[in-house]
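I opened this notebook to record what I looked up, entry by entry. The sequence and the model come before my notes.

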Amino acid sequence: MITLLELALSLVVVAIILYLTWALLATDCDLTLTLVEKYGKPISSFSGRVVWVTGASTGLGEAMAYELAAVGTKLILTARSTDLLQKVKEECLRRSEGKLFDHDILVLPFDLSNFECHKQNVQRAVDHFERIDVLINNAARYSVGAITETDISVDKAIFEVNFFGTLSLTKTVIKQFLQQGYGHIVVVSSIAGKFGIPSTGSYSATKHALHGFFDTLRMEVQRYGITVTTVVPGIFSSNIFEKTITTQTEKVLEKEYHHYECENMTSERCAHLALVAAANRLYESWIAFQPFLFMLWGAQYTPNFYKYIMSVLYTKKRLGELYEGKWPRDLPVWRPLTKKENVIR
C-alpha cells in the first residue's frame, strides 16, 4: 500500500515536472535567465560603465549598443565599417536622451582578424576612458555548405575572425583587466557551439572552440576579479546571414534573414536577454525559441538519445535546404506561449 507521504512526494515531483515543462514552453531562454530577467539586476546597472562591443555596426551588436546607450553606458564600438559605426554612434547619442555626449562613445573601426592592431586599439580605448569595464565579443562570420565540399580556406577564414580574432583581442584586454583588478568578458556563442548543425561545420567548430577556451579562461581568471559570461543564442534576426560564406571563400550567399521562413526572435530581444545575463554575471545563458531550447536540453542531458533523434530528423531533403542557407520548411519553430511580441516572420 502506498503511504500518504509517498503519495504527497509523488504529487510534488509531478507538479515540479509539469511546472518545468510549462516554464520551458513559456519562455525564450533558460530558467535561470528567466528568473534574473524578472528578479535580478537590471541593465541600468551598466550606467556609467565602459563597455566595448565588437561587431557593433549591425545586428545583435548594434541592438546591444542601443540598449546600453539608453541607460547611459559609455561605449567603445568596433566593426570594419567606419561609416556604419558612425551611424550607430549617432543613434546611440539620440537614444541616450542626454545621458551621453560625443566623447562618451569611442568608435574604433578595425578588422578583428588583423591581430597586429589589437594592442594599439586597446591602448587607444584606455587612453580615452582610462579603463575598460566590460568586453562583449560579438563579432563573427557565418558559413554554410557540406563539409565534404567546403574548401579548407573557408575553415581558416571563419576561424580567423570567430575564434583567433576573439582570443587575440580578449587576451590583450585581459592585461588591462589584471591591472585594474577587475573586468567582465561576455562572449556571444551559438546553439551551434553546443551541438552540431548540418551545413555549419566551420561555424559550429569555431563556436565549440569558444566554449572550450572561455570555460577554461573563466576558471583561471575569476580569482583576479574577472568574470566570464557565455551567451548561447538560437536563430535570431541578424545581418550575419546577409554575406554568408559557402564552400569557397569567394562564394558568398547574399540573402536577407527572412529566407529562413520561420518565426524568429528579433535581435533586440536577443540583445536584451544577453545584456541581462551579463548584468547578472551568469556563467552561461541560453536564448532561443523552440525547438532549440529542447534541443539544448536534450544535447546537454541525454546526448545519445538526442543524436539519434537528430540523425532521423535531418533527412536528405532537409540537409539540401540547410546547404542552401534555408531552414527546412517542415521543421517548425515556435515562439514562447506567453510572449507575443518581438517576432520576425
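Entry 1, conventions. I worked from a predicted model, in which local features need pLDDT of at least 70 and side-chain atom pairs count only at pLDDT 80 or more, while totals for chains, interfaces and linings use all residues. I numbered residues from 1 along each chain as its sequence is written, and side-chain values use heavy atoms, with hydrogens and water left out.

I took helices (H or I, at least four residues) and strands (E, at least two) as DSSP runs, numbered from the N terminus. Helix α5 comprises the 12 residues 118-129. The expected span of a helix is 1.5 Å times one less than its number of residues.

I asked which residues of α5 are buried. They are His 118, Asn 121, Val 122, Ala 125, Val 126 and Phe 129, where buried means under 20% relative accessible area, exposed over 50%, and partly exposed in between (1.4 Å probe, protein chains only).

Most residues other than glycine have a negative phi, and most peptide bonds are trans. Glu 130, which follows α5, has a positive phi of about 75° although it is not a glycine. Glu 130 lies in the loop between α5 and β4 (134-137) and counts as exposed at 67% relative accessibility. Glu 97 also has a positive phi, of about 55°. I located Glu 97 in the loop between α4 (82-96) and β3; at 67% relative accessibility, Glu 97 counts as exposed.

I found the bond from Gln 290 to Pro 291 to be cis, with omega near 10°. Pro 291 lies in the loop between β10 (284-287) and α9 (292-301). Is Gln 290 buried or exposed? At 1% relative accessibility, Gln 290 counts as buried. A polar atom of the Gln 290 side chain lies 3.1 Å from the backbone nitrogen of Phe 294.

How values were computed. A polar contact is a pair of N or O atoms within 3.5 Å; within protein, one must be able to donate a hydrogen and the other to accept it, and residues adjacent in sequence count only if both atoms are side-chain atoms.
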